[in-house]
Amino acid sequence: MRIHRFHVTPALPEELAPLKEIAYNLRWSWDHDSIELFRRIDKTLWEAAGHNPVRLLGEVEQGRLEALAHDDGFGVHLQRVLGELRRHLERETWCSRTFRNCADMSVAYFSAEFGLSEALPIYSGGLGMLAGDHLKSASELGVPLVGVGLLYQKGYFQQYLTNDGWQHERYPINDFSTMPVTIQTRPDGSPLRVVVEMGARQVAAQVWRVQVGRIPLYLLDTNIPANEPADQDISDELYGGDKEMRIQQEILLGVGGYRALRAMDIHPAVCHMNEGHSAFLALERIADIMESEKVDFAAARAAAEAGNVFTTHTPVPAGIDVFPMKMVESYLAPYAERLGVSIEELLDLGRDGSSDEFSMAVLAIHLANRVNGVSKLHGKVSRGMFAHLWPGTSLEEVPIGHITNGIHTRSWISHDMATLYDRYLGPSWTEDPSDQTVWDSVRDIPDEELWRTHERRRERLVAFARRALKQQLKNRGAANKDLQMAGEVLDARALTIGFARRFAPYKRGTLLFHDVERLVKILCDTERPVQVMFSGKAHPRDQRGKEFIREIIHHLRNERICRRVVFLENYDMTTARYLVQGCDIWLNTPRRPREASGTSGMKANANGTLNVSILDGWWDEAYAREVGWAIGHGEEYADEAYQDMVESRALYDLLENDLVPLFYDRSADGIPRGWTAKMKESIGGLSSIYNTNRMVCDYVTDYYAASAERYARLTANRGERARKLAQWEKYVSAAWHAVRIRSLHSSGTEEARVGGNISVWCQVALGALKPEDVVVQVFHGHVGPDEQIETPETTTLACEGEVEGGVYMFKGAIDCQRSGQEGFAVRVMPSHEDMCHPHAMRLIHWAD
């Protein structure tokens, strides 16, 4: 039987027609006034529709729409929201004010997931939340950016627990017709589709569009009749399937996503790979440049690389996507032929040392102009993790930087807190959340107002948790007495700790239960009660993560704490908002340094919730005594059992001696003024830094602008400079074997004084190379206990002329700026004005 499908849309009265425009632009997701507009239509249905305005408009009674069409108050509200949307789309922006040729800095942002709203469930966790917030801030800042991802039929799983606490997964089907997505069409009105080679076969993908303020997000979907059933499933499930499925998804994202942009005549100057999932786009971009500019592989690679940015979010090798070489070979063989290179040359781009696996992160690093981690500590960890890709380069100079993550503040602030900020900070906190002077005004908020606002949020959190717990128990077929108890758990006035995140083993969701008896005493103090709310999902194949959840559920059977501790199933954006807005403490217990950044604590901070965390990720650089608490002092342990013992005791000590006493130390009017002072310091001191407006500004000024400029320079005149750079690199590589530092001399080391200098000179054999092809440097600084140079500096030696055939004298001096044990070494490296960084060729020779 063939089913002929058609779509029925609500018959919006003419007066309500703008509702469709508002519903299909996700700016509503970060605007409380827009959300309130939809809630006015039908509050109950708004909740039942999962905060999805498109579904709401499709299910609301026609009579209700007719009534609203004649409601003057609703009409005024509608026009106000519509006006704000259009002002957002039309106003002058930071990017246009800052960059004269802002439009030339076009960016395509590729990510496997985007967490924009509950209405678009194509995200799993922090990576998607960050990607969604990136787009929202790009819209506010006016960055000429488009997003590229996949539209999953199932998205990420929904979690439910058995009576024994074991996690199970269900995968509801996404109905695109009731989501804020539209089919992208060609100029003739036909649906836009692209074709991607998957080895020997071809797969078609439909392109959809999501509007995020002024930013378009393009999503690919293979679930179309033109494909074989197995290929229809490629975009079925986020992070689902085996390695074969994953590599197909990543080819679809990178290659298909890039082809979709070209099909729409979008030519980004910069392609930003948010994690390595999309790294195959770099190969497609090389092929595109080869064909459009008529250059060879080496020149096209140089040009493509100039416009690529790669952000790694993984602090451990196990977190990187890798595939068997034989599997990758079967998919890349057609590319090798198209690019005119051997399959081995392509495979080497993703080869990690001697491993027989193909690393997507290594591929991205090899083909990117800029590479970064997502916090200061993570940048350092990443340099250590990937240092072997630059043999001979000092760890400090490994070309991986960092841009610390942030949050889109308006998306995560409660309506109550936003109103308070409007009153005391003015509109600037929404227009420029990275302006520190704006947040300084937080200290002007009266303690009474701040505390009453926060108490209302805690009360709502407790009410939400009770409703959620009751529904969980109903789903498990619980007895009536258990359902009744669900309405009595928790205390809206008690110190409330939140722990909500992915349940990965390194995050240690059960650390709080390390000493149950000590925890019970803390929780059950009748005069100073404490309660804990847990939420989070384990990856479907992460058995240890599932066991952690099961362990917590078993602890909840302890009658002494069952009313003080709850686990909220199916952690999603709605649950996250209630928790970060209503908890008093946000707890984070990762094993340092395995947390790349972490953003949930930033969301909590913006709402006045105080952080208690291991010094890892963002908290390692954000922590100060006046803004929160640190568990430990940044130690790293080889013995995990010992670490758990030490750090759990440190956590209990903080709770018993600092947190609980401070929270319950009340003035005569019931206000914990020491606590509110810390809230103000935390909000005022951190909110201007840990937001995605600051983060996106950093990407634009530090990475996008430089990459776009370099890409334009190398591709100008049909890739003239890219050709010359590729030819020069080939010439240098062939001649490098003859490069040697033949003699090295210095004077002044015996009588070195602060303010003096050390003269250094050496003879360097360059073979067929010329002095202008290299840079000779003194690498110098303080010598640490490990006999390595700490915080090194470099001084370039000048060429004094040729002393004999192919041998040149280089001379210079290093200044003695501080006392202590100093040292130096001399090196020679290739040098060219069009290289992306001094270590790009991975060639270096050190003097003996």
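This is a predicted model: local features need pLDDT of at least 70, side-chain atom pairs count only at pLDDT 80 or more; totals for chains, interfaces and linings use all residues.
Residues are numbered from 1 along each chain as its sequence is written, and side-chain values use heavy atoms, with hydrogens and water left out.

Arg591 sits in the loop between strand E18 (585–588) and helix H26 (600–606); helices (H or I, at least four residues) and strands (E, at least two) are DSSP runs, numbered from the N terminus. Is Arg591 buried or exposed? It counts as buried, because its relative accessibility is 7%, and the cut-offs are under 20% relative accessible area for buried, over 50% for exposed, and partly exposed in between, with a 1.4 Å probe and protein chains only. Leaving out residues up to four places away in sequence, Arg591 touches Tyr506, Arg508, Asp616, Glu640, Gln643 and Asp644, where contact means heavy atoms within 4.5 Å.

Now to charge pairs. A salt bridge is a side-chain nitrogen of Lys or Arg within 4 Å of a carboxyl oxygen of Asp or Glu, and by this rule the count comes to 60. One of them joins Arg594 and Glu640, with the closest N and O atoms 3.2 Å apart. Arg594 is in the loop between E18 and H26, while Glu640 is in helix H28 (residues 640–664), so this pair ties together parts 46 residues apart in sequence. Arg594 counts as partly exposed at 32% relative accessibility, and Glu640 does too, at 33%.

Next, Arg713 and Glu709, a salt bridge with its closest N and O atoms at 2.7 Å. Both residues lie in helix H30 (residues 692–735), four residues apart, about one turn of the helix. Arg713 is partly exposed at 22% relative accessibility, and Glu709 is partly exposed at 44%.

One more pair: Asp321 and Arg246, closest N and O atoms 3.0 Å apart. This one links distant parts of the chain, with Asp321 in the loop between strand E10 (308–311) and strand E11 (322–324) and Arg246 in helix H10 (residues 243–263), 75 residues apart. Asp321 counts as buried at 18% relative accessibility, and Arg246 is buried at 13%.

On to the nonpolar side. A nonpolar core is a set of buried Ala, Val, Leu, Ile, Met, Phe, Trp, Tyr and Cys residues joined through side-chain atoms within 4.5 Å. Which residues touch the most other members of the largest core? Phe280, Leu346 and Tyr704 do, out of 182 residues. H30 gives the most to this core, with 17 residues. Phe280, leaving aside neighbours within four places in sequence, is in contact with residues including Ile247, Ile251, Phe358 and Leu363. There's a second, separate core of 93 residues, and Tyr421, Ile549, Leu568 and Tyr571 are among them.

Leu568 also comes up with Thr575, which touches Phe464, Ser535, Leu568 and Asn570, again not counting residues up to four places away. Thr575 lies in helix H25 (residues 573–582) and counts as buried at 5% relative accessibility.

Last stop, strand E9 (residues 270–274). Five of its five residues are buried, so E9 is largely enclosed by the rest of the structure. Val270, His272 and Asn274 point one way, and Cys271 and Met273 the other. Strands pair if DSSP finds at least two bridges between them. Strand E1 (residues 107–110) runs parallel to E9 and is joined to it by four bridges, with Val107 opposite Val270. E9 also pairs with E10 in the parallel sense over four bridges, and there Met273 stands opposite Phe310.
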